[in-house]
Each structure stands twice: as C-alpha cells, then as structure tokens.
Amino acid sequence: MDSVRSPEWPVAPLGGLAANSASARYGQPVGGPPTAPQHPGAPLPYRPPAASTPPTDTRGGPPAAPPIPVKLLIAGGFGVGKTTTVGAISEIAPLTTEAEMTSAGIGVDDPGARSGKTTTTVAMDFGCVTIDRSLKLYLFGTPGQDRFGFMWDDLARGALGALVVVDSSRLDDCYPAVDFFERAGLPFVVGVNTFDGRLTHELGAIRWALAIGDHVPLVQFDARERLSVRDALLVVLDRALDRAVREKGA
C-alpha cells in the first residue's frame, strides 16, 4: 500500500502516551501544569510573557503591520516540476504529500522518457516565501493526474493567480490546467520548465500550440533554481495585482 510522507514523531514507550500527542511531545500532562520535556531535544512548553507588549518598529515607530498574505497556485501536468518549484523557493520546509509510484500506474501516469521520477503528489504541496515586509506568498501545488482534478476547485478558492508549469516536450499534459484557469477567470502565467537547460520547442511555438493570447505571460524558468522560480512568481504576482487594480478602478 502506498504511504504518504509525514513528520517523524518520537516513538512512544510501550503502554505510554501516543507519540504524536501534545503530552508526549511537550511533556505536559493533560489537564495539569506544564512540566519539563519528557523527550531529549523536545521544545519547552510555550508560556505567555508576563506582560503583553505589542511589537514596535526598531526605530521607535508604531507597531509593524504583518505582511499581506497572497495565495498562489502552482499547477500543471504530471511530472512537470511543480513539487520541485515549491521546494526551491519555500522559506520553510515544504509540506509534500508524495507517495511511491506503483505498477498500477503503468500506462496511466507517464512522467516522460527523461524523468527518473519515482513518487507522485497525491494531495498537494505547500510552501511560503516572504517577498518583503508587506507581502508574503503562500504557494499551493496541485496534483497533476486527472483523477485528482476534483481537488482543484478547493485549492483555487481564494487564490489570486497561478503559475502553470509546462514541460516543452509534453505540451498536451498542460492543456487541462490552462483550460481550468481560463474557465475560472483566474490570472495565470505559463512557465516553461527547462529540463537539462534546453527547450524542445521555442516559446513562440509553445504559445501557438497552447492557443493562449498575448495577454497571458509566457516565461522560461528552471524549477530547480531559487532565483529563477522567484522571477516567474513575480510575473504571476504582477499579473494578479494588475487585475486587482483594474477591477478596483472599474
């Protein structure tokens, strides 16, 4: 049976508390006062400060406002580099739901001849990156297989834009993602992932094959390179902000 990657919880002693319970992890008995951690290396239980003082600017100004959260989707076909994209840019350890591919997927899930892919996303990927003091991006990677398409509507709820990742050697795999965002009316950017530093087709030919208008940005990026992913996401953010300004002025 396929398994989903999960955090490594400390092992509970036989007959003891569940290993992933708050009591086991932080050493706090249920209903009792905080005690010292029962597991070596476990974090100390949180204790609120004696006096709650709002954070102030280091220059003595008013409290600094938290960054505005912006939700973006990383979408595309199977094996195009969505999980790699999220992992390359996320400032936290990305949440992934990768499961080992089995023989049941032969003939159904095709990662391409050049791919050594052995796992697949069965739910979503999640990561985040702070752009500056006023803006923070929350990235949600969608599963690529058609059988997980029912999750896309939920993942797209509240999103301001999307990056559709494309493998230039398998353009047909990204058609469902392009169609989805066109129907949803969600601003999106097509990002062509450069496998091995090269493209099978030129960007102009890819735009023609995908039948996307000139208003849809088409960029080339490397899903393994943090700065390259950053530049692609900034194009998505610019497109989302441009639409928001136009709608506000309408």
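## Hairpin of strands 4 and 5

In this predicted model, a hairpin of two residues connects strand 4 to strand 5. Strand 4 covers residues 125-132 and strand 5 covers residues 135-141; the two pair in the antiparallel sense, with seven bridges between them. Cys 128 has Tyr 138 of strand 5 as its bridge partner.

In a regular strand, side chains alternate between the two faces of the sheet.

## Helix 6 and its surroundings

Helix 6 comprises 24 residues, and the distance from its first C-alpha to its last is 34 Å, close to the expected 34 Å at 1.5 Å a residue. Its buried residues are Ser 228, Val 229, Ala 232, Leu 233, Val 236, Leu 237, Arg 239 and Ala 240. Among the elements that cover these buried residues are strand 1 (68-76), helix 2 (82-89) and strand 5. Strand 6 (161-167), strand 7 (188-193) and strand 8 (218-221) also belong to this cover. An α-helix has 3.6 residues a turn, so residues three or four places apart point the same way.

Asp 238 also lies in helix 6, which spans residues 226-249. Its relative accessible area is 56%, above the 50% cut-off, and Asp 238 therefore counts as exposed. Although 77 residues separate Asp 238 and Gly 161 along the chain, their C-alpha atoms are 9.5 Å apart.

## Nonpolar cores

The largest nonpolar core contains 26 residues, and Leu 73, Val 164, Phe 181, Phe 188 and Val 190 have the most contacts inside it. At least two residues of this core come from each of strand 1, helix 3 (152-156), strand 6, helix 4 (175-184), strand 7 and helix 5 (203-210). Helix 4 contributes the most, with four residues.

With residues up to four places away in sequence left out, Val 164 touches Ala 75, Cys 174, Ala 177, Val 178, Phe 181, Phe 188, Val 189, Val 190 and Gly 191. In soluble globular proteins, nonpolar side chains tend to be buried together.

## Asp 154 in helix 3

Asp 154 is located in helix 3. Its relative accessibility is 48%, which lies between the 20% and 50% cut-offs, so Asp 154 is classed as partly exposed. The side chains of Asp 154 and Arg 157 are joined by a polar contact of 3.2 Å.

Notes:
Residues numbered from 1 in each chain as written. Predicted model: local features only at pLDDT ≥ 70, side-chain atom pairs only at ≥ 80, totals over all residues. Heavy atoms only, no water. Pairing = 2+ DSSP bridges. Buried < 20%, exposed > 50% of the residue type's maximum accessible area, 1.4 Å probe, protein only. Expected span 1.5 Å × (residues − 1). Contact = heavy atoms within 4.5 Å. Core = buried A, V, L, I, M, F, W, Y, C linked by side-chain atoms within 4.5 Å. Polar contact = N/O pair within 3.5 Å; in protein donor to acceptor, adjacent residues only side chain to side chain.
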